[in-house]
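I opened the notebook to look up a few things in this structure. The entries below are in the order I took them.

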Amino acid sequence: MAENKLLEFRHISKSFPGVKALEDINVDLYKGEVHILVGENGAGKSTLMKVLSGAYEATTGELYVEGKKIEKNSPRISEELGISMIYQELNLVPELSIASNIYLGHELRKGPFVDTAAQEKRANEILSEIGVQIDSRTLVKHLSIGAQQMVEIAKALSRNAKVIVFDEPTSSLTDSEIEELFNIIRLLKKRSVGMFYISHRLEELFVIGDRVTVLRDGRQIKTDVISNMTMDSVIESIAGRKIENLFPHTRKQAGEPMLEICGLTGEKFSNVSMMVRAGEIVGVSGLVGAGRSEVARAAFGVDPYTAGEVRVCGQRLPGNSPARANRLGMCLLPEDRKVEGLALALSIRENIVISSLKAMNPSGIVGQKKEREVVQQSIRDLGIATSSMEKLAKFLSGGTQQKVVVAKWLLSQSKVFIFDEPTRGIDVGAKSSIYQLMDDLVGQGAAILMISSDLTEILGMSDRIYVMSGGSVVGEVDSADANQNDILQMAFSNV
Ligand SMILES: Nc1ncnc2c1ncn2[C@@H]1O[C@H](COP(=O)(O)OP(=O)(O)OP(=O)(O)O)[C@@H](O)[C@H]1O
Ligand SMILES: [Mg+2]
C-alpha cells in the first residue's frame, strides 16, 4: 500500500488573523483514489487544497509527496510535483485557442519559436484521450463552462498530473456535462491519478467517491471509505447535528397574485407567463440554458424585453428599472452572486444592511445597536462562518459569501422574491435554515419564485412548478402530483 500513497498531510494547521482555518489535519491520498472533501461553508476545504497547491503556507505541519517531505511548498514546486488544481472559477484566457491555453507557460518549442502545430496536434490527442471532440484551435471564449473544464483537465494531463484537485467542479455544469466529467474521472482513476474532490452536492459522493473526509470548523471530524457511510451519517457529520426534515415547507392558504409575468419575450425566451400568489413558493425547473435566469433578470428589470408585461402587487413595472422594482417590494437573488450581489471591499455587516436599512427605518437613520443585533441574528440563522461581522467579504469562503447575499435579501422586507439557485454552493445545514426562512416568509404573506436545478429542492419546497425548455414554459404542475421523471421529460421537450 505504502508505494501507492501519493501524498499525505501530517498535523497540518493554518491560521489567519482571528481564524483557525485548519487544525491538525491528517489526510492521505492513494493512486487512483477519489477522495472527497465535504464540510460546511468555511470549514477549511479550499484552504487545505491551497496548502497543497502552495498558494498558502501551513502554519504548522508537514506535507509529504510520494514519501518525500516538501520543505517549502510554492505554486511552482507543487506543479513540478505533478499537482494540478481545477477551481470553480476557471482560469483560461478566453481570446486564446484551446491549444495555446493548454500549453500556456509550458510552450512546446522549435528552436526559439513556439511550435503551434505541435501544440495543436498534441492538444488534440489529449482531448481525444478524454473523449472530447473539439478542435484544439477553437478559441476558449466559444466554449461552454463544461467544455472549459475539460480543457483545464487536458491542461493538467499535458503536465503529467499525478494529483488533480477539483474544487466544486459541478456547481455550474449541466447534467450531461456532469456525466461527462464523471466519465473522465473514472478514466483518470484507471490511469492511477489521485483526486481530491470538493462538493456540496452530497449525492455525488456515492457516485464517484472512494473515501470521504469531513471537516468542521477547521477540524477533521471523520475519514472513512464511502461504503461505511450513508447519506444521513454524512449529513450529521457535516452539520454536527441531525437534520430531521430538510424541507420544512408546508402549503399555505394562497392569496392575491403578487407577481404576474405575462407574455414576456426577449432575446433568449418567448411568450413566458408565470404567476405567484401571496403565500406560495413556485419553482421554476429546467435545464441549464432553458432561459430561466434570463426571464428572472428581465422581469426584475436588469435586462430588457421586447414584449409582454410584469406586475407586482397589481402594479405594472416599467422595464429596465431594478430600483423601481425594489421600491415596489420585489427583489432578485441573482445566480452569480460574486459579481452581482456582493460588495467585496465591504464588511459582512455593511453588505447585509445595504438594502435593509431603509426597511428598518424609512427615515434612513438606524441605530447602530439595532443594526448590529439584526446582523448578529442573520449570522446565527444562516451559520455564517466568521470571526467578526466586520470581516471584509473578500476574505470569506465561497459559500459564506453566498450566505451573506441570501441574508441581505431575506432581511430586505420585500414581498416578492425571485431566488435564482438560492442554495448553490451552500452547505446542507444552512440549506435547511434557508428553507425554513423561505417558509416563514410565505407564512407572512410573501410570494417566492424559485429557480433551481436541484430537483429534490424544487419538489421539496414548491407548491407549483413551471418547467422551462428552449426559452418557453412547457408545463405547469402541482408539486403534489409531480415526480422527477415527469419534470425531466418536460425539461427535454423543447431543446
Ligand atoms: N485569505 C484569507 N484571509 C482570511 N481568512 C481566510 C482567508 N482564506 C480563508 N479564510 C478563512 O478560512 C476559513 C476557511 O475557509 P475555506 O475557504 O477553506 O472554506 P471552505 O470549506 O472552502 O468553504 P466553502 O464551502 O464555502 O467554499 C474561513 O473562515 C475563511 O473566512
Ligand atoms: Mg471553498
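**Entry 1: the model.** I noted before anything else that this is a predicted model.

**Entry 2: around ligand 1.** Which residues come nearest to ligand 1? I found 21 residues around ligand 1, and Gly42, Lys45, Thr47, Ser397 and Gly399 come nearest. I then sorted the shell by class. It has seven nonpolar, 10 polar and four charged residues.

**Entry 3: polar contacts of ligand 1.** I looked up distances to oxygen atoms of ligand 1, keeping to pairs of N or O atoms within 3.5 Å. For Ser397, an N or O atom of the side chain is 2.7 Å from such an oxygen atom. Ser46 also uses its side chain, with a polar atom 2.9 Å from an oxygen atom of the ligand. For Gly44 the contact is made by the backbone: an N or O atom there lies 2.9 Å from a ligand oxygen.

On its own it has 640 Å² of accessible area, and the protein covers 89% of that. I also listed the elements that give two or more residues to the shell: strand E2 (19-30), helix H1 (45-53) and helix H15 (398-410).

**Entry 4: where ligand 1 sits.** Why does ligand 1 lie between domain 1 and domain 2? Domain 1 (2-239) and domain 2 (257-491) both give residues to its shell, so I wrote down that the ligand lies between them.

**Entry 5: a sheet.** I followed an open sheet of six strands, in the order E18-E19-E20-E15-E21-E22, with mixed pairing. Strand E18 (330-333) and strand E22 (472-478) are at the edges. Each has a single partner strand, so one side of each has no neighbour in the sheet. I noted that neighbouring strands are turned by 15° against each other on average, direction ignored.

E18 pairs with strand E19 (residues 416-420) in the parallel sense, over four bridges. Leu332 stands opposite Ile418 in E19.

Entry 6: Most residues other than glycine have a negative phi. Asp217 is not a glycine, yet its phi is near 45°. I found Asp217 in the loop between strand E11 (211-216) and strand E12 (219-225).

Where is Cys313 placed? Cys313 is in the loop between strand E16 (307-312) and strand E17 (315-316). Its phi is positive, about 50°, although Cys313 is not a glycine.

Note on methods
Residues are numbered from 1 along each chain as its sequence is written. Chains are lettered from A and ligands numbered from 1 in the order in which they are written. This is a predicted model: local features need pLDDT of at least 70, side-chain atom pairs count only at pLDDT 80 or more; totals for chains, interfaces and linings use all residues. Side-chain values use heavy atoms; hydrogens and water are left out. A residue is near a molecule or strand if one of its heavy atoms lies within 4 Å of it. A polar contact is a pair of N or O atoms within 3.5 Å; within protein, one must be able to donate a hydrogen and the other to accept it, and residues adjacent in sequence count only if both atoms are side-chain atoms. Accessible areas come from the Shrake-Rupley method with a 1.4 Å probe; for residues, only the protein chains shown count as cover. Ala, Val, Leu, Ile, Met, Phe, Trp, Tyr, Cys and Pro count as nonpolar, Asp, Glu, Lys and Arg as charged, and the others, Gly among them, as polar. Domain bounds come from an automatic or database domain assignment. Two strands pair if DSSP finds at least two bridges between them. Axes are lines fitted to C-alpha atoms, for helices over the stretch in contact, and angles run from 0 to 180 degrees between N-to-C directions.
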